[in-house]
Amino acid sequence: MFTDSHCHIEDDATAFRAGEAGVGVILNAGKDLDEAAAQLLMCERMDSLRAAQSAADRGGPAGVAGELNGTGAGDGDGGSGENEQSAGRGSEACSGTMKRIIPQMWTSAGVHPDSAPNKLGRIGVAEIVRAAEHPKVIAIGECGLDYHYGADAKAEQKEMFARHIEAAGITGLPLMIHQREAEDDMLDMLRRGAEKFGGLAGVIHCFTSTQAFADAVRELGFYISASGIVTFKSGADVAAVFASYPADKILIETDSPYLAPVPYRGKTNEPAFVAKTAEKIAAIKGLTIEETARITTDNFFKLYRKAKR
């Protein structure tokens, strides 16, 4: 069973295709508290469908089969258009001709650094902490610093990230961190936060930084997460970092709909493709694909302790 530890999806059909591809766990990452309600509904819908499926497996009422075989509230257009290349894997499941494999799904509470300047006046520590109270919210984020696109808003990004660090310290939930070209400020803020709260937990998602930065966050006890970038020819330096990082501190992700791994590069990414990233990590670490799936899934539940298998 594979785990997609960071993606952005909006429709049930995409989740069902992931299930058919062997993905049993999805973290549908939050990037704006204003979008949280829809993400929570999707997580709850997956729970309801999993419960209905379990009841059907135990010989439950006939109505359960209809719930599982119907289109569902979120099916819609997710398996058409730009995702036609992968829709076939889930078509039988979605039509009810075979049993759907329904992944467990959770989300997170946070504000992406790109949105920080526009959210400072409305979203403070209290709002993040309140959002994190929901049982399906298992992380604080996606949050962090992005100086590639937001170099003109460093102060605003740092203030918003500080609020997320505070929320993580209050709730005990791990940080889901976006970092791009902001290593020095990031490390300074994480170290100060860890000192204030007696430690922080978290992951640098879609890791693309240097060996030095990896060594520094390793000292803080952080995980790093591999996206499809490790499968790119241009991702050799990133792959080398994962070769040296402890296997018990590595996650895998798609960051879909972006960064589709080889051989899907250039297409719309989705959780069903995470196995290709797992294959690359397996090769880098000298593991089997089964070992990589197991280790990265175990790591997910060690980091995100609020999530239960």
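Biologist: Which helix gives the most to the lining of the largest cavity?
Modeller: This is a predicted model, in which local features need pLDDT of at least 70 and side-chain atom pairs count only at pLDDT 80 or more, while totals for chains, interfaces and linings use all residues. Residues are numbered from 1 along each chain as its sequence is written, and side-chain values use heavy atoms, without hydrogens and water. Two helices, α11 (274-285) and α12 (289-303), each supply at least two lining residues (helices are DSSP runs of H or I with at least four residues, strands are runs of E with at least two, and numbering starts at the N terminus). With three residues, the top contributor is α12.

Biologist: What is the volume of that largest cavity?
Modeller: A search of the whole structure finds one cavity of 30 Å³ or more (on a 1 Å grid over the protein atoms alone, a cavity is a set of points where a 1.4 Å probe fits but cannot get out, and lining residues have an atom within 4 Å of a point). Its lining consists of A247, I250, I281, K285, L287, T292, I295 and T296. The volume (the space filled by probe spheres set on grid points that are joined across faces, edges and corners) is about 40 Å³.

Biologist: How many nonpolar residues line the largest cavity?
Modeller: Sort the lining by class, with Ala, Val, Leu, Ile, Met, Phe, Trp, Tyr, Cys and Pro as nonpolar, Asp, Glu, Lys and Arg as charged, and the others, Gly among them, as polar. Two lining residues then come out polar and one charged. The nonpolar count is five.

Biologist: Now to the open side of things: which strand gives the most to the lining of the largest pocket?
Modeller: The largest pocket has a volume of about 520 Å³ (a pocket is an open set of points with protein on both sides within 12 Å along at least five of seven lines). Of its 18 lining residues, H112, D146, H178, R180 and D255 are the closest to the centre. Two strands, β4 (137-146) and β5 (175-180), each supply at least two lining residues. The leading contributor, with three residues, is β5.

Biologist: How many charged residues line the largest pocket?
Modeller: Let's go through the classes in turn. Five lining residues are nonpolar and seven are polar. The charged ones number six.

Biologist: What is the average twist from one strand to the next in the sheet?
Modeller: The sheet is open, with eight strands in the order β1-β2-β3-β4-β5-β6-β7-β8 and parallel pairing. At the edges are β1 and β8 (250-252), each pairing on one side only. Between neighbours (axes are lines fitted to C-alpha atoms, and angles run from 0 to 180 degrees between N-to-C directions), the twist averages 30°.

Biologist: Which residue in β8 is the bridge partner of I224?
Modeller: I224 lies in β7 and stands opposite I204, where β6 (residues 202-204) and β7 pair in the parallel sense over two bridges. β7 is also joined to β8 by three bridges, again in parallel. In β8, the partner of I224 is I250.

Biologist: Is L49 buried or exposed?
Modeller: L49 is found in helix α2 (residues 36-57), and its C-alpha atom is separated by 9.8 Å from that of I101, 52 residues apart along the chain. The cut-offs are under 20% relative accessible area for buried, over 50% for exposed and partly exposed in between, with a 1.4 Å probe and protein chains only. Because its relative accessibility is 6%, L49 counts as buried.

Key:
Two strands pair if DSSP finds at least two bridges between them.
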